[in-house]
Amino acid sequence: MRPWQDGGPTTLDNLVMLCKRHHRLVHHSGWTVRLPDGLPEFLPPRWIDPDQNPRRKPPPHLIA
């Protein structure tokens, strides 16, 4: 994901829907968003997780 203000395109493969709170977190607290297979992954800053393990919402069929 490349932010619009950094020259990122406004195309579907460079967008993710976030609420206002999480949008600000991504921009101001060191979280990174990527779309490796079309689904968003969120990488925490190193001060939260030194290994920066991706966080991802599980697919609906895997949620009990």
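The accessible surface of the chain is about 5400 Å², and 59% of this area belongs to carbon and sulfur atoms; accessible areas are computed by the Shrake-Rupley method with a 1.4 Å probe, and for residues only the protein chains shown count as cover. This is a predicted model, in which local features need pLDDT of at least 70 and side-chain atom pairs count only at pLDDT 80 or more, while totals for chains, interfaces and linings use all residues. Residues are numbered from 1 along each chain as its sequence is written, and side-chain values use heavy atoms, with hydrogens and water left out.

**Overall build**

- Along the principal axes, the C-alpha atoms fill a box of roughly 40 × 30 × 20 Å.

**Burial and contacts**

- Of the 64 residues in the chain, 12% are buried; buried means under 20% relative accessible area, exposed over 50%, and partly exposed in between (1.4 Å probe, protein chains only).
- Counting contacts (heavy atoms within 4.5 Å) between residues at least 6 apart in sequence, 11% join residues at least 24 apart.

**Charges**

- The chain carries 9 positive and 6 negative side chains, and the centres of the two sets are 8 Å apart.
- Lys and Arg count as positive and Asp and Glu as negative, with His and the chain ends not counted.
- Each charge is placed at NZ of Lys, CZ of Arg, CG of Asp or CD of Glu.

**Salt bridges**

- The whole structure has three salt bridges, each defined as a side-chain nitrogen of Lys or Arg within 4 Å of a carboxyl oxygen of Asp or Glu.
- R34 and E41 form a salt bridge, with 2.7 Å between their closest N and O atoms.
- E41 counts as buried because its relative accessibility is 12%, whereas R34 is partly exposed at 35%.
- R56 and D37 form a salt bridge with an N to O distance of 2.6 Å.
- This pair links distant parts of the chain, 19 residues apart: R56 lies in the segment after β2 (41-43), and D37 lies in the loop between β1 (32-34) and β2.
- R56 is partly exposed, since its relative accessible area is 35%.
- R55 and D49 form a salt bridge at 3.1 Å, N to O.
- D49 counts as buried at 10% relative accessibility, while R55 is partly exposed at 35%.

Terms used
Helices (H or I, at least four residues) and strands (E, at least two) are DSSP runs, numbered from the N terminus.
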